[in-house]
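Please look over the sequence and the coordinates first.

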Amino acid sequence: QAHLVESGGGVVQDWGSLRLSCVAPRMITSTFNPLTFNWYRQAPGKQRELVASITSERLTNYADAVKGRFTISRDNRRKTVYLQMNNLSPDDTGVYYCNTHAYGTDLWGQGTQVTVSS
């Protein structure tokens, strides 16, 4: 079983909303809680880019392109990180990946596809 498992992607129309989830099923909470988690995305033909981050203290950071539209949050009890995405546009289309650094290495999920149609 993977360390990070994303879900929640899909096809949505312009100005629509989606909520992505990233669960860490193999982690114990004492490992999960201190970690910073990131959401990245990769659009077709483009490099992977950082979208949002959340620290253990729930400090957040966002790419300029998503500020005011996306919200990252975490539920330590459920070992889950969320990305609420509102007012989506076709420019938000891509594969969204969850990431953290644990066990001395970078961990990535398999990604979840988000497609926004105009």
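Which residues does Tyr 62 touch, not counting residues up to four places away in sequence? The model under discussion is a predicted one, and the answer is Val 51, Ala 52, Lys 67, Phe 70, Thr 71 and Ile 72.

Val 51 lies 11 residues from Tyr 62 along the chain, and the C-alpha atoms of the two are separated by 5.8 Å. The side chain of Tyr 62 also reaches the backbone nitrogen of Ile 72, at 2.9 Å.

## Hairpins around strand 5

The hairpin formed by strand 5 and strand 6 has 5 residues between the strands, and Arg 58 takes a positive phi near 65 degrees there. Strand 4 and strand 5 run antiparallel and are joined by 5 bridges, with Phe 37 having Ile 54 in strand 5 as its bridge partner.

An open sheet is formed by 4 strands in the order 1-3-8-7, with antiparallel pairing. Its edge strands are strand 1 (5–7) and strand 7 (70–75), each of which pairs on one side only, and the twist from one strand to the next averages 15 degrees. Inside this order, strand 3 (residues 18–23) and strand 8 (residues 80–85) run antiparallel and are joined by 6 bridges, and Leu 18 stands opposite Met 85 in strand 8.

Ser 21 has its place in strand 3 and counts as buried at 17% relative accessibility. Leaving aside neighbours within four places in sequence, Ser 21 is in contact with Val 5, Glu 6, Ser 7, Trp 39, Thr 80, Val 81 and Tyr 82.

## Strand 11 and its partners

Strand 2 (residues 10–13) pairs with strand 11 in the parallel sense over 4 bridges, and the bridge partner of Gln 13 in strand 11 is Ser 117. Strand 9 (residues 94–102), by contrast, runs antiparallel to strand 11 and is joined to it by 3 bridges, with Thr 112 as the bridge partner of Tyr 96.

In soluble globular proteins, nonpolar side chains tend to be buried together. Here the largest nonpolar core has 28 residues, and those with the most contacts inside it are Trp 39, Leu 83, Met 85 and Tyr 96. At least two residues of this core are supplied by each of strand 3, strand 4 (37–42), strand 5 (49–54), strand 7, strand 8, strand 9 and strand 11.

## A buried aspartate

Asp 92 has its place in the loop between strand 8 and strand 9, and with a relative accessible area of 1% this residue is buried. A polar contact of 2.8 Å joins the side chains of Asp 92 and Arg 41.

## Aromatic pairs

The model has 3 aromatic pairs. In one of them, the rings of Tyr 97 and Trp 108 have their centres 6.4 Å apart and their planes at 85 degrees, so the pair is edge-to-face. Because Tyr 97 lies in strand 9 and Trp 108 in strand 10 (residues 105–108), the pair ties together parts that are 11 residues apart in sequence.

Tyr 97 counts as buried at 13% relative accessibility, whereas Trp 108, at 34%, counts as partly exposed. Ring pairs link Tyr 97 and Trp 108 with Tyr 40 into a cluster.

Notes
Residues are numbered from 1 along each chain as its sequence is written. This is a predicted model: local features need pLDDT of at least 70, side-chain atom pairs count only at pLDDT 80 or more; totals for chains, interfaces and linings use all residues. Side-chain values use heavy atoms; hydrogens and water are left out. Two strands pair if DSSP finds at least two bridges between them. Axes are lines fitted to C-alpha atoms, for helices over the stretch in contact, and angles run from 0 to 180 degrees between N-to-C directions. A nonpolar core is a set of buried Ala, Val, Leu, Ile, Met, Phe, Trp, Tyr and Cys residues joined through side-chain atoms within 4.5 Å. Buried means under 20% relative accessible area, exposed over 50%, partly exposed in between (1.4 Å probe, protein chains only). Contact means heavy atoms within 4.5 Å. A polar contact is a pair of N or O atoms within 3.5 Å; within protein, one must be able to donate a hydrogen and the other to accept it, and residues adjacent in sequence count only if both atoms are side-chain atoms. Rings of Phe, Tyr and Trp (its six-membered ring) pair if their centres lie within 6.5 Å; planes under 30 degrees apart count as stacked, over 60 as edge-to-face and the rest as tilted.
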